Amino acid sequence: MLKTIDKVELRYLKMEDYEDLKAAMIKAYSAISDAYWKEHHIKKLLETFPNGQLVVTVNDKVVGCALSLIINYKEFGDDHTYLEITDDYNFDTHDPDGDVLYGIDVFIHPDYRGLRLGRRLYEHRKEICEQLNLKAIIFGGRLPGYHKYANTLTTKEYIQKVRNKEIFDPVLTFQLSNDFHVKKVMKGYMPGDVESKDYACLLQWDNIYYSKPNKKPSISKEVVRLGLVQWQMRNYKSMDDMFEQAEFFVDAVSGYRCDFALFPEFFNAPLMAAYNDMAEPDAIRELAKSTELIRDRFMSLAISYNINIITGSMPLMEDNKLYNVGYLCKRNGEWERYEKLHVTPDEAKVWGMTGGSAIKAFDTDCGKIGILICYDSEFPELSRILADQGMKILFVPFLTDTQNGYARVRNCARARAIENECYVAIAGCVGNLPRVHNMDIQFAQSVVFTPCDFAFPTDGIKAEATPNTEMILIADVDIDLLKELHKFGSVRNLRDRRTDLYDLRLKGQQRKMTVAMNNGVT
């Protein structure tokens, strides 16, 4: 039974990780005697190619690893052995000017399998391959399940059955699901691999972005993929019932390798049907009792599906006050809270809701983002404050009942993208809730907006969903285009502000977040 997972991190390998690395490898390769890297091997790899050695940690403990070299593939061709590729574990075959990223090992501690940690390692390997402008990732993959079928199947027949999902192979099945294809079967690739009967598959993933000249590695993510959930309001029997639908959407956008999943404001309102016999202020306060549990369940999904989740918004009672809040659940196991600052007249009158006071840009593995709940997007000061804190993407979870209410959110969000030289993603709820007071009807069309300049769509709309239909909307946004816009755009809204005439700042305890006065974001 696993302990509670509080933190998951993907980072480069360090020498002080060695003991954890050794323990995890011994567990992962329990069927092979003495199958772990010695300390001098790891030291040599880190001296040779430090940015090619990755680990994944859970609660600061190394539980998985991916090791690689860059090689000139023409020197080896398809007929080679593991010892030849690694130069008998000396790693002198590494060539910084080579053209292929060669994987020499990848493993996950058995106790931590099923958390999609291996996918994280492979996705980052692919990013390294793209950033270094290498042609492909290649490696020899074991066939640890083949010994069970060796008497009845040839390797060709076994691989075909694995490909057709008639047989599950713990290594090959995983590799095929990560877009690798089999180039050939190799005999004697890794002598002593009893489970594989000394066979291995030469596997390859092609970098479709490969071109000349070589690109230098980039620390930050250049293209960010957004997944917007246009959520259908329907009656749910329980929270488990609702989360079955929520996990479906998280699984769907994660399957498209999205970096963020955005849920709408008050997406959990259908659960208020159970309190429909109460007065409206009492019903929403009952709903608020489940908010932290919902946050924790989203955290589990963020870790399991390797995606940052913006939970829309939910009611929360704190110090006898009712707030509208949401959570940024990061895929590394951390979470942060955001608050709706401006409550609508209806929220104040019907529910007795109070506006929050926290406004900040959040650090993520895709750069800085901002989150404003619905009505807050109609106050341009807030997004400008976030832009001055470095925000590149603004997320707006919303809930509107009528088309004119939706038009306010849409048009203001569109303006925020132009004013602040950022991307803006809005996601709302659709459908009807006849059994929940004050939540009868909803109207939405989720959209991703961009600035309006030559590098972006002419109308500033990157993608938009079908109105009033349950669906997901997926769009890629290029952060580097924002940097170019800020410096070389036809107009430069942040740099050209007349700060000699006016300024914008937070008051009181928020003064530390005072807006930059000169050149805006750098």
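This is a predicted model: local features need pLDDT of at least 70, side-chain atom pairs count only at pLDDT 80 or more; totals for chains, interfaces and linings use all residues.
Good morning, colleagues. I shall begin with strand β2, which spans residues 54-58. Of its five residues, five are buried, and the strand is thus described as mostly covered. In a regular strand the side chains alternate between the two faces of the sheet. For β2, one side carries Leu54, Val56 and Val58, while Val55 and Thr57 lie on the other. These residues are all buried, and both faces of the strand are covered.

Which strands pair with β2? One is strand β1, residues 8-12, which joins β2 in the antiparallel sense over five bridges. Within that pairing, Val8 has Val58 as its bridge partner; Val58, as I noted, is a buried residue of β2. Another partner is strand β3, residues 61-71, which is also antiparallel to β2 and is joined to it by five bridges. Here Val55 stands opposite Cys65 of β3.

I turn now to strand β17, residues 423-432. This strand is likewise mostly covered, with nine of its ten residues buried.

Let me take the parallel pairings of β17. Strand β16, residues 393-398, runs parallel to β17, and six bridges link the two. In this pair, Ile393 is bridged to Tyr423 of β17. Gln232 has Val430 in β17 as its bridge partner.

The antiparallel pairings of β17 come next. Where does Ile426 find its bridge partner? That partner is Val447, in β19. Strand β19 covers residues 447-449 and pairs with β17 over three bridges in the antiparallel sense. Strand β18, residues 441-442, is also antiparallel to β17, and two bridges join them.

To summarise, β2 pairs in the antiparallel sense with β1 and with β3. Thank you for your attention.

Notes
Residues are numbered from 1 along each chain as its sequence is written. Side-chain values use heavy atoms; hydrogens and water are left out. Buried means under 20% relative accessible area, exposed over 50%, partly exposed in between (1.4 Å probe, protein chains only). Helices (H or I, at least four residues) and strands (E, at least two) are DSSP runs, numbered from the N terminus. Two strands pair if DSSP finds at least two bridges between them.
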